[in-house]
Amino acid sequence: MSSLLDLSTTLFLHVNDFARTSTWLHAPAVAYAKYGVVVFAALLLLGVWQRRRGGDGQLAAALWAGLGTLLAVGVNQPVASLVAEPRPYAAHPAVLVLVDRSTDWSFPSDHSVMAGAAAVGLFLVSKRLGAVAAVAAVLMAAVRVYVGAHYPVDVVAGLVLGAVVAGLGWLLVRRPLTWLVHHGRTLPVVDRVLAPTA
């Protein structure tokens, strides 16, 4: 385990050295590291929109993509507190940090958990949306290291945790959520929202 952490630290320092020399990349990396969550929110909403008139199982999967992402981020909070790993800049004060320094724990990365869960959830909705989200998730993980907020092991663990929560969660809630969607569609207000336009 210590060798893995040593490798992660070494990789972080190499990426940080690259960040010092690639000033042209700072602005887009910082923007995505801070606000990339909007990309995932848009993809999740698009998934619901595309499946709003599909079968009950399809709409349930689209709804779960968002719910599973929220659940994964919630699950990550006690995990991060249990591990209690300081941010890289706490252990290495001289590193370049391109975003505001946070006081919360580093492992696993919240952003990566969110991204990994959204990617898996969207694969349940559409292979195309899932593929776009997967690329966005890997990019999110990479930029969180680039801006100095996380070690590589933090973001890899975050992607895996998010993916596992979303995937296993769907296996557990698929039937009851599909049942709820089926019966929820009988409500007049829901029927009006989902009804085909003329």
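1. Handedness of the α7/α8 crossing. In this predicted model, α7 passes α8 in a right-handed crossing. The two axes come within 9 Å and cross at roughly 155°. That angle is over 145°, so α7 and α8 count as roughly antiparallel.

2. Contacts between α7 and α8. On the α7 side, the residues are Ala-137, Ala-141, Arg-144 and Val-145. They meet Pro-152, Val-155 and Leu-159 in α8.

3. Aromatic pairs. The structure holds two of them. One joins Phe-12 and Tyr-151: the ring centres are 5.4 Å apart and the planes stand at 65°, so the pair is edge-to-face. Phe-12 sits in helix α1 (residues 2–21), and Tyr-151 in the loop between α7 (127–146) and α8 (152–184). The pair therefore ties together parts that are 139 residues apart in sequence. Phe-12 and Tyr-151 are both buried.

4. Phe-18 and Tyr-146. This aromatic pair is also edge-to-face, with 6.0 Å centre to centre and 70° between the planes. Phe-18 belongs to helix α1 and Tyr-146 to helix α7, so the contact ties together parts that are 128 residues apart in sequence.

5. Tyr-146 counts as buried because its relative accessibility is 5%, under the 20% cut-off. Phe-18 has 42% relative accessibility, so Phe-18 counts as partly exposed.

6. A charge over a ring. Arg-52 lies over the face of Trp-49. The distance from the ring centre is 3.5 Å.

Technical notes:
Residues are numbered from 1 along each chain as its sequence is written. This is a predicted model: local features need pLDDT of at least 70, side-chain atom pairs count only at pLDDT 80 or more; totals for chains, interfaces and linings use all residues. Side-chain values use heavy atoms; hydrogens and water are left out. Rings of Phe, Tyr and Trp (its six-membered ring) pair if their centres lie within 6.5 Å; planes under 30 degrees apart count as stacked, over 60 as edge-to-face and the rest as tilted. Helices (H or I, at least four residues) and strands (E, at least two) are DSSP runs, numbered from the N terminus. Buried means under 20% relative accessible area, exposed over 50%, partly exposed in between (1.4 Å probe, protein chains only). A charge sits over a ring if NZ of Lys or CZ of Arg is within 6 Å of the ring centre and within 35 degrees of the ring normal. Axes are lines fitted to C-alpha atoms, for helices over the stretch in contact, and angles run from 0 to 180 degrees between N-to-C directions. Angles under 35 degrees count as roughly parallel, over 145 as roughly antiparallel, 65 to 115 as roughly perpendicular and the rest as oblique. A crossing is left-handed if the near helix is turned anticlockwise from the far one by less than a right angle, and right-handed if clockwise. Contact means heavy atoms within 4.5 Å.
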